[in-house]
Amino acid sequence: MALPLVYHWRNVFVRPTTTTLTILVVAAVVGLLGWILGFAAALRGSLAVASDTHKIIVIRRGSTSEGTSALPPAEFNKLSQVTGVARDPQTGRPLVSPEMTVQVALPRKRDAGRTTANVAVRGVDPERAFAVHRNVRLQGPVFATGAQEIIVGVKAAEQFAGLRLGDVVNLGFGNDRGYRVVGYFTADGGPLESEIWGYLPSLMNAYSRNAYSSAALRVAPDEDPQKVIEQIEGPAIQLTAKTEAAYWHEQLRLVRGYLVIVTGLVLIMSVAAVCSIANTMFSAVAGRTREIAMLRTIGFGRGRILVGFVLEAVLLALLGGGLGCGLCLAWLQFVGRTKDMLGASSFTTLAFEIRLTPMIAAVALAAVVLVGALGALVPAWRAARVQAVSALREG
Amino acid sequence: MTLSYVLLQNLRRNRLRTGLTAVAFALPMAVFVLALSLVVGFVKTSAALEQELRLGVHHRVSLTNFLPDGHRRKIEELDPQRTRLRAVCGMRWFGGRVPGTQQTLQSLAADADTLPIVYSDIGLTEAEITEWQRERRAAIVAGGVARQYGWKVGDRVVLESTIPPYRQLEFRLIRIWDESPFPMTFYFRRDYLLDAFEREGQVGTGCSIFWVKCVDAAALRSLQQEIDALFANTPDETRSEDENAFVAGFVQAVGDLPSLAQAMATVVVIIVALVAGNTMMMSFRERIRELAVFKALGFSARRVFLIVLSESVLLALLGSALGILPIVAGLTLIPPDHLRWGAFSPPELSWLAVLGSLSIGLIVGIAAGFWPAWQALRLRTTDALRRVA
């Protein structure tokens with residue numbers, strides 16, 4: 001017969017102070033863990049664009065990102081020699097999209113505009129861009145080619161001020177051309193959602209540029225993207241080409257580094273939580289030696305006692321975990337759920353939205369169960385080895 | 001029976017608990033001292049930069065837009081008597097990297113005549129200034145870059161630019177700037193860049209930023225207003241900010257480590273306070289009768305209070321030391337270049353951070369021990385002796 005759960009549940013509350021203090025330690029660690037897992041999930045979401053293996057980004061050789069690349073039309077036109085590029089089913093034109101990337105400093109909503117972020121502005125030709133960037137889906141109309149209009153990625157719209165429908169954003173080299181926001185777009189959670197898109201010729205004119213920044217290219221479904229990349233990097237064209245996955249993987253280097261640092265810190269703190277739980281459980285076992293001896297006497301086996309005490313610690317940890325998740329939710333709700341970081345070399349910002357999904361909460365709680373069990377293992381072992389007779393005889 | 005004897009005996013009685021508490025205390029404290037080192041490093045850098053009284057003037061729209069070279073003269077004319085500004089140094093982003101590597105250095109082409117004045121913190125000697133002005137290919141690099149690539153004064157080095165028109169240029173190092181707050185800095189002469197561009201028919205004019213060295217803080221504030229007003233409603237409007245504000249923008253953009261460090265430090269203090277408090281509550285509860293015996297033997301209430309409180313403090317200090325020592329050792333032994341975050345200074349071992357962590361440990365120890373100690377002070381001997389633990 002196993003010890004009834006209610007026995008442990010009540011025991012958790014026998015020492016309210018100690019229990020509360022332990023729960024709070026666990027809660028603090030879990031709260032942080034929830035935030036980090038949420039951030040990691042947002043980062044993974046950004047990299048989900050990697051699933052589209054047939055999109056290739058072409059930049060000028062020697063440059064490190066779209067932001068520092070300049071691709072004059074003459075260079076861009078060389079891309080027409082590339083074989084294996086998908087074609088538009090109606091017009092038969094190859095799906096190569098010329099693009100220009102610039103940036104505009106927009107105030108962050110998070111700190112009420114005290115600081116600004118460099119938001120990428122991408123000039124595209126709608127006829128080609130949407131066929132190449134298949135993950136981009138419009139919510140509302142697209143910008144008109146004849147007017148100064150832009151569409152905004154949903155993440156940018158959430159995090160930066162002045163991007164509501166109908167707002168006018170000043171762009172152009174002298175910041176003197178007003179572009180009106182007419183619609184939003186999504187990109188499967190990818191980095192493009194942090195951008196602003198407008199009509200390529202209009203934006204090139206506004207920034208007095210005569211070169212594109214980059215090109216995006218769709219590889220035909222039955223062709224090997226690697227072969228296409230080799231052609232573009234080969235002697236005839238001499239440009240740099242990367243699959244979109246590789247490109248963003250590189251740009252997210254800083255973000256990954258940041259995550260590694262934070263995760264390391266939380267790991268260190270969870271060891272502290274394990275120790276704290278162990279301490280509490282040792283004390284619980286020591287204080288209940290006679291009680292345990294009694295249980296042994298009336299027929300509970302060692303295994304049951306061991307499992308029982310581990311269970312008690314897990315209960316304790318789960319209480320802390322639940323509180324921690326609650327704290328994390330409250331923090332995200334009331335303090336802020338957004339974070340943005342610069343790409344490694346693009347000089348434009350990537351916005352992330354941190355969410356504590358049920359899945360993440362479940363992972364955090366699973367971690368907490370592990371922490372509780374680890375902390376309780378040795379004390380529970382000690383409890384299981386209590387010598388009934390001598391313990392009962394003791395004062 | 002001295003106090004220290006009682007303390008030691010008490011800590012040794014439940015070695016397991018002392019050990020677990022010390023570890024639970026030490027690990028977060030290690031995080032704390034690291035976070036504090038980082039923050040102290042940033043604060044020191046920013047205090048140093050404030051001393052330099054440099055005002056950065058860049059294009060209002062974006063740092064990637066160049067300002068015309070003529071802005072320098074117009075800024076200088078704001079104060080022809082030089083009562084408020086010392087000198088103006090125009091800089092153009094080169095974005096160079098060592099061929100074959102991926103890391104972009106903070107390489108900037110700077111006005112040769114004013115760099116030694118505006119960046120007096122480089123501390124160029126007379127001989128070095130003469131060399132800087134004579135040698136067109138002269139370059140000054142921060143210690144971080146020099147160590148990473150194994151460069152020495154006198155070396156010839158090649159950088160290729162990662163921005164249009166992607167030129168390769170050769171430089172000769174005349175000075176390694178070891179104390180640079182930004183370890184990836186690389187300065188060279190702007191007239192050299194201009195010549196190189198013009199020889200190939202490329203446009204090399206335009207500056208990313210003008211650094212204005214001011215006489216004092218009041219002059220900096222007034223110039224900041226006047227410069228932005230001067231260029232308002234022109235095609236090239238400016239935004240002026242002091243060097244700290246300029247750097248803060250980047251710090252925020254690459255992940256805002258200082259705020260992360262502050263948040264971590266707060267959580268850590270909470271955790272260690274809870275851990276220590278927990279232990280002290282447990283030890284106290286188990287030892288109520290013993291403390292009552294002390295009192296019955298004639299120990300004064302004050303002394304019993306001190307025994308409980310100092311045990312907590314001792315444990316907290318032990319835990320802190322255990323956490324701080326490995327970090328101190330690590331930061332001393334690992335070359336700081338390995339701990340660098342982007343182009344910013346690595347966390348720096350500072351006695352301020354160590355002292356700060358120890359005092360936090362001390363405060364936590366006192367706070368955690370105070371309640372049990374207070375209860376011990378008010379303990380009624382007869383009640384406690386009668387109580388069954």
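Reader: What should I know before reading residue labels and pLDDT limits?

Author: Residues are numbered from 1 along each chain as its sequence is written, while chains are lettered from A and ligands numbered from 1 in the order in which they are written. The model is predicted, so local features need pLDDT of at least 70 and side-chain atom pairs count only at pLDDT 80 or more, whereas totals for chains, interfaces and linings use all residues.

Reader: How many helices and strands does chain B have?

Author: Helices (H or I, at least four residues) and strands (E, at least two) are DSSP runs, numbered from the N terminus. Chain B has 14 helices and 10 strands. For chain A the tally is 13 helices and 12 strands.

Reader: Is chain A more spread out or more compact than a globule?

Author: Take the radius of gyration over C-alpha atoms and hold it against the globule rule, 2.2 Å times the number of residues to the power 0.38. Chain A has 395 residues, for which the rule gives 21 Å; its radius of gyration is 29 Å, well over that, so chain A is more spread out than a compact globule. The C-alpha trace of chain A spans about 95 × 45 × 35 Å along its principal axes.

Reader: And what is the radius of gyration of chain B?

Author: Chain B comes out at 30 Å, well over the 21 Å from the rule for 389 residues, so this chain too is more spread out than a compact globule. Its C-alpha atoms fill a box of roughly 100 × 45 × 35 Å along the principal axes.

Reader: Which elements of chain B touch chain A?

Author: The contact takes 42 residues from chain B and 42 residues from chain A. The elements of chain B that give two or more residues are α2 (15–52), α9 (243–253) and α10 (257–286). The largest share, 12 residues, is from α10(B). The chain B side has 24 nonpolar, 14 polar and 4 charged residues.

Reader: What is the strand order of the open sheet in chain B?

Author: Strands of a sheet pair through backbone hydrogen bonds, either parallel or antiparallel. Two strands pair if DSSP finds at least two bridges between them. The open sheet has 10 strands in the order β3-β6-β7-β5-β8-β4-β2-β9-β1-β10 (chain B), with mixed pairing. The edge strands, β3 (96–97) and β10 (238–242) of chain B, each pair on one side only. Inside the sheet, β5 (138–142) and β8 (185–189) of chain B pair in the antiparallel sense over 3 bridges. B:Val141 stands opposite B:Phe186 in β8(B).

Reader: Which strands does helix α7 of chain B touch?

Author: Axes are lines fitted to C-alpha atoms, for helices over the stretch in contact; angles run from 0 to 180 degrees between N-to-C directions. Helix α7 (190–199) of chain B packs on the sheet, touching β2 (85–93), β4 (106–110), β7 (168–177) and β8 of chain B, and makes about 65° with β8(B). Helix α8 (217–231) of chain B lies across β1 (54–59), β2, β9 (209–214) and β10 of chain B, at about 170° to β10(B).

Reader: In which sense does β3 of chain A pair with β8 of chain A, parallel or antiparallel?

Author: Strands β3 (116–124) and β8 (196–199) of chain A pair in the parallel sense over 4 bridges. A:Val124 stands opposite A:Tyr199 in β8(A). Strand β5 (149–153) of chain A pairs with β8(A) in the antiparallel sense over 3 bridges. There A:Ile150 has A:Gly198 as its bridge partner.

Key: Two residues are in contact if their C-beta atoms, placed from the backbone, lie within 7 Å. Ala, Val, Leu, Ile, Met, Phe, Trp, Tyr, Cys and Pro count as nonpolar, Asp, Glu, Lys and Arg as charged, and the others, Gly among them, as polar.
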